Structures are given as C-alpha cells and as structure tokens.
Amino acid sequence: MKTTIKRMTAATLTSLLLAGTAMAEDVRLMWYSDGVEGEVIADLLDRFMAENPDINVILDNVAYQVIKEQLPISLAAGEGPDIARVTDIKALAEHWLDMRPYLSDAAYWETNFGDKADWMRPDGSDAITGFMTQLTLTGGFANATLFEQAGVALPGEGATWDEWVEASAQVAASQGSAAAFAIDRSGHRISGPNISYGGNYIGADGLPAPIDEGTKAFVTKLVEWTNEGKNLKDVWVSASGSTYRAAADDFINAQIPFYYSGSWQVANLSTKIGDGFDWVATGTPCGTESCSGLAGGAALVAVKYTQQPEAVARVMEYLAREDVVKEFSERTLFLPAHKGVVEAGGLNFVTEDPNVAAALAKFVSASAEVAPNAAALPAWKWASAYYGALASRISQAMAGEMSLDDAFARMDADIKEQVDQAQ
Amino acid sequence: MRSDVKTWIGAGVTAPVRLLAQMADVPLRQWQRLAGRGGMIGFFLLPNMLIFGVFVLVPLGINFAYSVTGGTAVFLPDRSYVGGANFDRLLDCTNHFDPNSCRDDVFWIAVWNTVRFVGLQVTAMTICAMITALILNSKIRARAFWRAVFFFPVLLSPVVVGLIWRWILQRQGLLNYLLYQFDAEQVNWLTERGWAFTAAVGVSVWAHVGFYALILLAGLQAIPRDLYEAAEMDGTKPARAFWRITLPLLWPNLLVVIVLSLIRAVQVFDEVYVLTGGGPGTSTLYLTQYIYEVGFASTLRNSGVASAASLLMGGVLVVLTLLQLGLTRWRDRK
C-alpha cells in the first residue's frame, strides 16, 4: 500500500514538474564560439535556469558563418532567435529590441555599457539593445620560439610593418616556414593597418569616402608581400568574394612566425598551442601615422521580433550582471566591456598558460594606440560594405587578375553600388 | 502448407489496398460519369501539377518579380520597382569577352569561367565515362566490385567530396606529402590559378563519372553480342569494332550523357565551393556561386541582381534542355 502511495506521489510530482517545464517560456539564444565561450555560456545559462525555472533558455551553438550569412536573412524576414551573439552589430541595428521598457534598472546598463551602446543601435537612438560580451582589438602574435631558434630579435615597441615583415622573413628563411606572416582574410582585419598608414573610410557626409592614399599605401605593401611569398598566399588568394578565412591554424601549426588577427584568438591559441612553443602578443605594427589596431567585439543583443521580451530582458539582465560578466571574462580569457568590472580590476583569468596574461596585458596597453579614425568604425553603418569590397578586390589583385589601380577603382565602384542599393 | 501461409500473408497485405480501392471506386465512377474521360485525366494529373506549380512555377514567378526590384528588403512589397535596371547592370559591357570592360565584372568572370568549366568538364566526363564503361563491361576479375567502386563517389555528399579533395590538395595535404616523400617539388594546387581550375574539373569528374558510366554501361550491355562475334569472324580489329559498332549503337546513351552532364556542369557549385571557395582570386568562381554570394553571402545582399542572374542562367538551361529534346526527337525520327 505504502509503495503504491509512493508511486502515485512520485507520478503526481513528475507530472507537475513536466507541466511546469511545459509552461516555462522558451528563449532561443543563437551563439557562436571562437574558443571556449560556448561551454562557459552553457554553464552560466544552466545556473540561470535553475534560479528561474519559468524560463527555458535554448542555446543554439552555430558556426560563425551562420551568424554572418543566415542570421541577417532571418532578421530581414522578421524572424530569428530571441537573443543572438553577433559581430555585425551596427549594420543590423534596426533589428535589435529596445529593452528599456523591460529592464528593472536601465541606469545600470547606461553606466556600465553606455560607452559602447552606439555600436549597437541606430544613429540618434537611445535604445538599450544589448551589451558587448567582450571587447576585442586587432593585433599581432609572434612565435617567440621560432624567432629565438632563428636568432632574430623580436622587433620592439614602435616597430613598423616593414620591420616586422623583414624580421619574420628572416625567421621564415631560417626555419623553413611556409611564409613570413599571415593576416586573416577580412577587410576588418586590414583596416587597423590601413588607418596606421593614414587611411580614412568615413567621408565628411558620413558616407564612405573614396579609397585614399593611406589605405592604398598599406594595401600596395600587402599585395607586394604576397607576390614575394612573405604573406601566406593560401589565406587571401584561395577564396573569392568577401569570404572570411582565418590563418590561426597556420600559426598554431608553427607554419608562420608572425600572425595578425586579434585579441579573441588568445584563448584559441592558448588551448591549441599549449606548451608547443612560446608566443607573444605584439600589438599592431606601426605605419606612417600611427600603430592602430581596430577595436570591436561581439555583442549579445535582444532581437525585436521576440514574442517574450520580458523573459528576454531577464536573461539579458542575468548575463550582464557584474559577477556574471567577471566570471565569463575570467573563464573565456576575453577582455570585459563592463565598466564596473574593468574599474574594479582584479580579474583572475583561468589559465595556467604564462603566455595568456602577458598577451592580454599587451592588448590592453595597445588599446590606447587606437587612432580616432579606427575608433569611429565600429559605430559606422557602412563599415561592412567597405570591408567586403576591400577583401574581394585585394585578393583579385593578389591573384594577378587585375592591377592595383583597377582594384582600387573597383573597390570604390563596389562600395558605391552597395550604398546606392541600401539607400 | 508453405503455399497456404504465403497466400494468407499475401491476402493480409493486399486486403487494406483492396479495401481502399473499393471505397474509392464508387465516387470515382460517379466523377467519371460527370467529368468524362478528359476530366479523369485532369483529375489524376492534378496532384502532380499542384506540386509542380507550388514548388516550380510559383518560385519562378517570384524570382522574376524579385529581378525587377531593388533595395535590401526581403519581402517583395517592401522592395522598390526598378524595371530592367538589374539586367542592365549585368549586361552593361563595352566588350562582353573582356570582363574588365563590364559594369559588373565579377558576373562576366563567372560567366566565362562557367563556359570554360563546362567545355572541359563535359569533354573529360564523357571520355572518362566511356572508358570506365568499356572497362567495366569487359571480362575483368571482380567486375561487380569494380562497378561498385566506380559508383561509390556518386553516393557521397558534394561537401564531403570537396572536403576530401581539399585535404588531399591543400598545401600541407596528402599529395604534397607524397611528393615530399619522393623529393619532388611541392605544388600549391589550390592557390595556383591553372592548377585550381584543373582540380575543380578533375574533382567534379571524379565525383560524377560513376553515374554517367552506368548509363553508358547499360547501353553497352544492350548491344547484341552476335554483332561483335560476326565482326570478329570477319577479322575486324577491336578499334574498328568500337568505331563501327559500339559508338553508333551507343550514340543514344552518349547523347543523354552529354546533355545531362552539360546541364549539371552549368549548375556547378557545392563541391567546387568547398574545394576552392571560388579562388584563387576568382578563377574558379562559377555562376551559381556568384548568385549565392550576391544574394546571400554579402553583407548588403542584392536579391534583385541575384534573381536577374539566376533568370539569365535559367535561360541558358532552357536552351540546353530544348537542345536535348530536339536531339532526342531527331534521333527517334532516324
């Protein structure tokens, strides 16, 4: 009899529990990962759901290409997830939800994330649409072990691109590397160097300016270095259009002594290189005008097509909490964008890799070098159009399909075509 | 006893079908009385026509509608009417043979790349399929096994095909490893323009040759053996027998192979996209990838231009299909 009563009680409780789950609001979160952040966010969300059983967060881990190519189409069709982690935050700003009416403390968001709020809302708006999961800065990494084995000194502070490429070429020749260096195939990635040579993308009217002498100067060097075999040809030449290609694996496999990418690679390099060799972050080599990287990052934004904005705001408030941001940054090795966390300091990055702390410190110090022209780009809506034209035409010039002059003319035409189409 | 069981199982299996047929019989008879024979034909064709309409004709119409609109909006009502501007952009050239003289140079690069790819791939495919079919039709050991081996790539997903060959051909791939083992000079197969194009053609042939060889093999097996025996008795050499007996009698199958591979080559995308990404530069960028990149992959997607390009490509495919129909009818008349 007792057993029967126990069974009935268990069945009733299970039914109630299942009913509770069924009643929980589903919130879909679309997420991509560069390193270990997918596991960290899953862990954080499990804790959120344990505290908030009325909300069921479904984490969709997708490839970055899905975020870049498929999500914009869903958004344009008025669909998509409830929350998404994106990098193209300004160009898609019209699709983000203004969470102000649903937040319990909007002032907290303004205080801690306000300085980057313009990056993710339409021009002139005061909407609170999300927060940066991490701040990033483009910059270089050097394989210190290869430099040491080659007997070549790492170029010091203020070293130019020419000096870095020359030193890396000596290392490559000595160690039999595939090339001296590589830069990710992306218009974004070469924009810091372009600006370091005096480039400026933004015209006086806020629309794209024609390709100027500064941009031409670095692009010309990049194409020449590719033709000379110093820049790893595989990355830029082996694709067409604006397809993104990273060169991280070539650096991880010690195929190149110098790699220009960004701070988001720190966790990836630490995890995959392990104690294979010593590596250091170098900041951005200098051009004629500055030594500027390009700031940016990934943002977690609420999507305005959500059917449950209150639940979305609760998830976002949890993930934006100071202690949660701190833990997320410490475990993912990302630079936090939360003012309170930055000011409090004392971040205890979870790693035993001695290269990581030094690399992150280097990126923090390099962030002071960001030129005004570069600082303006993350909040500029035409940046993506500019980046796409740069990547596709530069690789055609590298492949020998067109002269650099033709490539520059085509870049201007491509950008104009895109602006005309979008206006 | 065994026969009884079989009958019993057969009856059990067919019973529901018979029941359904009996249930449908009365209303269908009524309908036939009302609609006549012609009406019944329409009735049975209706489901197929409905599916064809929903999944082919309606998208075709939508595609046409998009091709005369501009802007970045997804929904048609939100897009502005631009007339033939998208076609103008694609076709605006001083010299169509020189993509650099065209307003949309990448479109014309893709067009001429596709023409070159089709010419080389279809030729290589037909020759390879013919040789494969002839070998598989001869008396070789483990013939069934070899037939399966040659057909196997057809079963693979194009993405898998692209990835496998990428691992073989990339700078640090299997092929360069083998060359290194033999102290031979390594080649960057996927970043040298000529080699990348050859690789795209070669991989495409490798992936599909089994299918076309199967069509030719069926044709070879339908040729009466006594023709060869008679030719042999007359002292005809094998090469002459091939030109005088095999090729003429295999012509219908060969025609199917040429036209099908032609249509498929014009639509090339997946395996080459995975293998080369359209590079180096744009040397393996074909029409379908151009449409994909303009319509989906670029940040500011241009559905209007992508739709216009796909209509132009559709026009080429219609011409090729009509060519196939014309040749088939001409052959039937002969």
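**Reading the interface and the cavity**

Modeller: Between chain A and chain B there are 19 residue pairs in polar contact, both residues being at pLDDT 80 or more; such a contact is a pair of N or O atoms within 3.5 Å, where within protein one must be able to donate a hydrogen and the other to accept it, and residues adjacent in sequence count only if both atoms are side-chain atoms. This is a predicted model, in which local features need pLDDT of at least 70, side-chain atom pairs count only at pLDDT 80 or more, and totals for chains, interfaces and linings use all residues. Residues are numbered from 1 along each chain as its sequence is written, chains are lettered from A and ligands numbered from 1 in the order in which they are written, and side-chain values use heavy atoms, with hydrogens and water left out.

Biologist: How many salt bridges does the rule find across the interface of chain A and chain B?

Modeller: A salt bridge is a side-chain nitrogen of Lys or Arg within 4 Å of a carboxyl oxygen of Asp or Glu, and the rule finds six across this interface. One of them joins A:Glu417 to B:Arg89, with the closest N and O atoms 4.0 Å apart.

Biologist: How many residues of chain A are in contact with chain B?

Modeller: Taking contact as heavy atoms within 4.5 Å, 36 residues of chain A touch 40 residues of chain B.

Biologist: And which residues line the largest cavity?

Modeller: A cavity is a set of points on a 1 Å grid over the protein atoms alone where a 1.4 Å probe fits but cannot get out, and lining residues have an atom within 4 Å of a point. Here the lining consists of A:Trp31, A:Ile41, A:Leu44, A:Phe131, A:Met132, A:Thr133, A:Leu300, A:Leu319, A:Val325 and A:Phe328.

Technical notes. 1 Å grid on protein atoms, 1.4 Å probe; cavity = no way out; pocket = protein on both sides within 12 Å on 5 of 7 lines; lining within 4 Å.
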